[in-house]
Amino acid sequence: MFIGHFGVGLAAKKADTRVSMGTYFIAAQFIDLLWPILLMLGIEKVEIAEGISKAVPLNFVSYPVSHSLIMVLLWGVLFGLVYKFIKKDTKGAIILALCVVSHWVLDLIVHIPDLPLYPGNSPKIGFGLWNSLAVSITLEMLIFFTGVFTYNSVTKAKNRKGSVGFWLLIVFFLIIHFANIFGPPPPSVTAIAWSGQLQWIFVIWAYWTDKNRTSRK
Ligand SMILES: [Zn+2]
């Protein structure tokens, strides 16, 4: 799952418009932003495995720090606490913590059984929607566009940067998403890790766009 997580980040804006879209993106995608760093450090492991599922040609061999349920709950709490400490906004902190955890819940629905509950010798679970490409794409589009229209309904552009910047961001998401699905599998694990790091572009773009928009209320 890729843009589905960003869809959650967009939709969360409705719950608290004071939190920037950029911060919501970091929260909803937190464990997938952490993952490429852990891959590069050799702490977590992935293999390219064409055909392992219909939607994603990757075997997530080991990723207990970023993607085990216990750790994700912990990351959620930590994320909320740091936000609360910096911004003194309890409501925003709780919503952000839930966004972090939402990532694992969505992953659970789509991943084949590769998600551990805890680090160590844990059973691995996943409902496997990735076994159907059509269902995977439909679900993710539904979540993403719910997010897009929710965000757009609670904020409005202050200037052209806020309107054009927002819609370009959405188009950019869709291009990258479909290139991932229909393009060739990644050439190497290093390439996977680096393209994971490129997600920060979306985060920076989101902060900039959000600055040029304001709450409709
Ligand atoms: Zn993930």
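A residue counts as buried if 20 or more other C-beta atoms lie within 10 Å of its own, as exposed if 12 or fewer do, and as partly exposed in between. The structure above is a predicted model, and this scale can be applied to it residue by residue.

Lys 45, a residue of strand 1, has 13 other C-beta atoms within 10 Å and is therefore partly exposed. Apart from neighbours within four places in sequence, Lys 45 is in contact with Val 61 and Ser 62. Lys 91 stands 46 residues from Lys 45 in sequence, and the two C-alpha atoms are 35 Å apart in space.

Leu 74 gives a second case. This leucine belongs to helix 5 and is partly exposed because it has 13 C-beta neighbours inside 10 Å. Between Leu 74 and Ala 97 there are 9.3 Å from C-alpha to C-alpha, for a separation of 23 residues along the chain.

Leu 117 is placed in the loop that runs between strand 3 (115–116) and strand 4 (124–125). With 14 other C-beta atoms within 10 Å, Leu 117 is also partly exposed. Its contacts, leaving aside neighbours within four places in sequence, are Ser 68, Leu 69, Ile 70, Ser 122 and Pro 123. Leu 129 is 12 residues from Leu 117 along the chain, with 19 Å separating their C-alpha atoms.

Lys 88 falls in another class. Lys 88 sits in the loop between helix 5 (69–87) and helix 6, and its phi is near 55°, a positive value in a residue other than glycine.

Helix 3 (residues 30–40) leads towards the interior. Its buried residues are Phe 30, Ile 31, Trp 35, Pro 36, Leu 38 and Leu 39. Among the elements that cover them are helix 2, strand 1 (45–48), helix 4 (64–67), helix 5, helix 6 and helix 9 (189–197).

The largest nonpolar core holds 51 residues, and those touching the most other members are Tyr 24, Phe 25, Ala 27, Phe 79, Leu 96, Cys 99 and Val 100. Helix 6 (residues 90–110) supplies the largest share of this core, nine residues. Phe 79 touches Ala 27, Phe 30, Leu 96, Ala 97 and Val 100, when residues up to four places away in sequence are not counted.

The packing of helices 1 and 2 remains to be described. Two packed helices are described by the angle between their axes and the distance between the axes. For helix 1 (residues 3–11) and helix 2 (residues 21–28), the angle is about 135° and the axes are 8 Å apart. Helix 1 is therefore oblique to helix 2, and the crossing of the two is right-handed. Helix 1 makes this contact through His 5, Phe 6, Val 8, Gly 9 and Leu 10, while helix 2 contributes Met 21, Tyr 24, Phe 25, Ala 27 and Ala 28. Sorted by class, the contact contains eight nonpolar residues, two polar ones and no charged ones. Tyr 24, Phe 25 and Ala 27 take part in this contact and are also among the residues that touch the most other members of the largest nonpolar core.

Notes
Residues are numbered from 1 along each chain as its sequence is written. This is a predicted model: local features need pLDDT of at least 70, side-chain atom pairs count only at pLDDT 80 or more; totals for chains, interfaces and linings use all residues. A nonpolar core is a set of buried Ala, Val, Leu, Ile, Met, Phe, Trp, Tyr and Cys residues joined through C-beta atoms within 7 Å. Helices (H or I, at least four residues) and strands (E, at least two) are DSSP runs, numbered from the N terminus. Two residues are in contact if their C-beta atoms, placed from the backbone, lie within 7 Å. Axes are lines fitted to C-alpha atoms, for helices over the stretch in contact, and angles run from 0 to 180 degrees between N-to-C directions. Angles under 35 degrees count as roughly parallel, over 145 as roughly antiparallel, 65 to 115 as roughly perpendicular and the rest as oblique. A crossing is left-handed if the near helix is turned anticlockwise from the far one by less than a right angle, and right-handed if clockwise. Ala, Val, Leu, Ile, Met, Phe, Trp, Tyr, Cys and Pro count as nonpolar, Asp, Glu, Lys and Arg as charged, and the others, Gly among them, as polar.
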